Structure formats: C-alpha cells, structure tokens
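Student: I would like to learn how to read helix packing and nonpolar cores in a model. Could you take me through one?

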Amino acid sequence: MIFRSKVDGFFVTIMSIVVLLIGAVTLLPPLIDKEASMGIVIIMTAIFIILAGALLWMSFSIKYIFYDNYLLVKGGPFKSKIAYQSIRKISPTKDIFTGYRILSARNGLELFYDSAILGSVKISPKNRREFITELKKRCPHVTIQE
C-alpha cells in the first residue's frame, strides 16, 4: 500500500522562496554582467536547473510504502527502511525544521523506532487516518499519541 505525502501551502511557499533564491544567485549575476560569456550563462543555467530540480524532486516525490516486513519512507534519493517490529511510538508533530524528516506539510507524524539515527523520522501522509490504521494492522504493539 502506498501513501503520498500531504503538501500544504506553507511548504509550497518555502520551496518557492528557496527556488527563487537559487535562481537569483545563479541566474542574475551572468545576466547583469554584460561581459559574461555564453559559456558562463550556460553553466549557471545548468547549475540552477540541477539544484532546483533536485530540490523539487526530493520535496514533491515523497511517498510511504507498506511492504510485508517494513515501511519504506522515500523522498527523492533519501530512503529509510523501517522494520515494523522496531517502531515503538507514533505522535503528531508540527515541527518540520528539525530532526530527520521526509515530509512536505506542517501537520505531520513522528515515527519513533529503534534503528533511527536521530531517534525518529517525521512524515506527513496525505490520508493520515488510513495510514495510522494500516500501521496499527502491521504494528499492533505501537503506541499512538493523538
């Protein structure tokens, strides 16, 4: 079963600002400098496309996949395989700026599990209730805070 990440307006605003800043830093200098060669313009445009594309890929391709033995949390090149037996607790969170997070909305869930480097991962499934129900089926031992 696959759950996509919820995307809220706040997250879209933040990503838009970041892409605009990347564009300002990479595209404006060669456009303002009248002596900039075509090579510089092409290189800076390529840098913008690569950075903005990677950022958008990581941010808007987020999904959470339930497999037989583990939950796969995936966003761009980042993946976490979380064994169901290692999940201890799930709680709501609005803190999207700290910790290990693969989410795209302010109202998310924090999964606490044994093998986590930072102790947990923050996620934001679009269908939150369905996600929790599916997680309960696969992890009957999990503590859920609402």
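Student: Which residues in H1 meet which residues in H2?

Tutor: Some ground rules come before that. This is a predicted model, where local features need pLDDT of at least 70, side-chain atom pairs count only at pLDDT 80 or more, and totals for chains, interfaces and linings use all residues. Residues are numbered from 1 along each chain as its sequence is written, and side-chain values use heavy atoms, with hydrogens and water left out. Helices (H or I, at least four residues) and strands (E, at least two) are DSSP runs numbered from the N terminus. Contact means heavy atoms within 4.5 Å. On the H1 side, Phe-11, Val-12, Met-15, Val-18, Val-19, Ile-22, Gly-23, Val-25, Thr-26, Leu-27 and Pro-30 take part. Their partners in H2 are Ile-40, Val-41, Met-44, Thr-45, Ile-47, Phe-48, Leu-51, Ala-52, Leu-55, Leu-56, Ser-59 and Phe-60.

Student: By class, what residues does the contact of H1 with H2 have?

Tutor: Ala, Val, Leu, Ile, Met, Phe, Trp, Tyr, Cys and Pro count as nonpolar, Asp, Glu, Lys and Arg as charged, and the others, Gly among them, as polar. The contact of H1 with H2 has 19 nonpolar, four polar and no charged residues.

Student: At what angle do H1 and H2 pack?

Tutor: Axes are lines fitted to C-alpha atoms, for helices over the stretch in contact, and angles run from 0 to 180 degrees between N-to-C directions. Here the angle is about 170 degrees, and the axes are 8 Å apart. H1 is therefore roughly antiparallel to H2, a label for angles over 145 degrees.

Student: Which residues of H2 are buried?

Tutor: Buried means under 20% relative accessible area, exposed over 50%, and partly exposed in between (1.4 Å probe, protein chains only). In H2 the buried residues are Phe-48, Ala-52, Leu-55 and Ser-59, and they pack against helix H1 (9–32). An α-helix has 3.6 residues a turn, so residues three or four places apart point the same way. Ile-47, also in helix H2, counts as partly exposed because its relative accessibility is 34%.

Student: How many residues does the largest nonpolar core have?

Tutor: A nonpolar core is a set of buried Ala, Val, Leu, Ile, Met, Phe, Trp, Tyr and Cys residues joined through side-chain atoms within 4.5 Å. The largest has 24 residues, and Tyr-64, Leu-71, Ile-87, Leu-111 and Phe-131 have the most contacts inside it. Apart from it lies another core, of seven residues, including Phe-11, Val-19, Ala-52 and Leu-55.

Methods: Parallel < 35°, antiparallel > 145°, perpendicular 65-115°, else oblique.
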